[in-house]
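Subject: Structure for your review

Hello, here is the structure we discussed, followed by notes on what was found in it.

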Amino acid sequence: MEQTEGFDRAVWRQMAEQLELMALIIPGEYGGAGHSYAELSVVLDEMGRALLCAPYFATVALAANLLLTSRDEPAKEEYLPGIASGRTIATVALAERQGDWGESGITLEATRTPDGMWRLSGEKHYVLDGHVADLVLVVARTRAGVSLFAVGKDATGLTATPVATLDPTRKLARLSFDRVRARPVGADGEGWPAVARMLDLAAVALAAEQTGGAQRVLEMAVAYARLRVQFGRPIGSFQAIKHKCADLLLEVESARAAAYHAGWAVAEDDDEVPVLASLAKSCCSEAYFHAAAENIQIHGGIGYTWEHPAHLYFRRAKSSELLFGDAAHHRELLARRIGV
């Protein structure tokens, strides 16, 4: 997390070559392993526990999912094998300065030149691992509507600037486009359905990651409550601490049930994926943030220090809560989706 890149390339190669994690949900015809979201949920759960610093979420949960939902077969054949092998780090540039994850927030302009080429002009903010991505899938607006475009990291006119954030374990960047040449992905004006589906899949993936982090901070809190002695007895023997830990256990287990059920729904291509995605994201966001905050409280003074990892989980919990919309946003989406 202390490096500008934000990850260890040797570990990234190990993830790709020995564990084949990047290939997990990519179909075999594109060089992938062809597994489902059930397996991905387990992997992301463990990554959340370990507080992994790597562009895995941006590459797999965002970019790979967007390509798979784009219905652009040539684009899939061109980009997915590189992602599956770990050679290509990819991300999606969606949100802009106002931080709106919806269709109305897309203002970056894509224009077609007389020679038939597409050019992008504008800025994208809050781009996960945008400063290290080899491939950026950009959501832009044309005269026909929202469209998707692919841009390589060396494209002329593209500037990627890392930005300082609350959470040093998940890197964000600001991307500036000055008439950058881009390759269209999918049909002109028909990009938003694929983006909307990707956002639901990303919410499910993030919920699984949040579950792993919440479980880890619960374990940290319980272990410290058994270890720390005050007034001649472990602090875990005091009723106030017992209640905190018991409440956290209930919330974490409930969050895990929601996250894994949503992952199962994606694996089964269930019609209720949009509903379950918002349910899982809202539930897991609140459970992780509450568990991370209570972990610091149970640790007391040591929990506030830089030397202890409790604050890093708190930072990840807060950043994940806001990513793709907070719990209130997803409850509103849930209400609309079930017709309330």
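Leaving aside neighbours within four places in sequence, tyrosine 56 is in contact (heavy atoms within 4.5 Å) with Trp12, Met15, Leu21, Met22, Leu24, Leu40, Val43, Leu44, Met47 and Ala61. The model is predicted, with pLDDT of at least 70 needed for local features and 80 or more for side-chain atom pairs, while totals for chains, interfaces and linings use all residues. Numbering starts from 1 along each chain as its sequence is written, and side-chain values use heavy atoms, without hydrogens and water.

Tyr56 is also among the residues with the most contacts inside the largest nonpolar core, which has 76 residues; Phe57, Leu62 and Phe324 are others. Such a core is a set of buried Ala, Val, Leu, Ile, Met, Phe, Trp, Tyr and Cys residues joined through side-chain atoms within 4.5 Å, where buried means under 20% relative accessible area with a 1.4 Å probe, protein chains only. Helix H5 (residues 192-227) gives the most to this core, 13 residues; helices are DSSP runs of H or I, at least four residues, and strands are runs of E, at least two, numbered from the N terminus. Another core, of 18 residues, lies apart from it and includes Leu108, Phe149, Phe177 and Ala182.

An unreviewed UniProt entry lists residues 93-180 as "domain: Acyl-CoA oxidase/dehydrogenase middle"; such annotations may be inferred rather than shown by experiment. That span, residues 93-180, is 0% helix and 53% strand, and its end C-alpha atoms lie 14 Å apart.

Regards

Technical notes:
Buried < 20%, exposed > 50% of the residue type's maximum accessible area, 1.4 Å probe, protein only.
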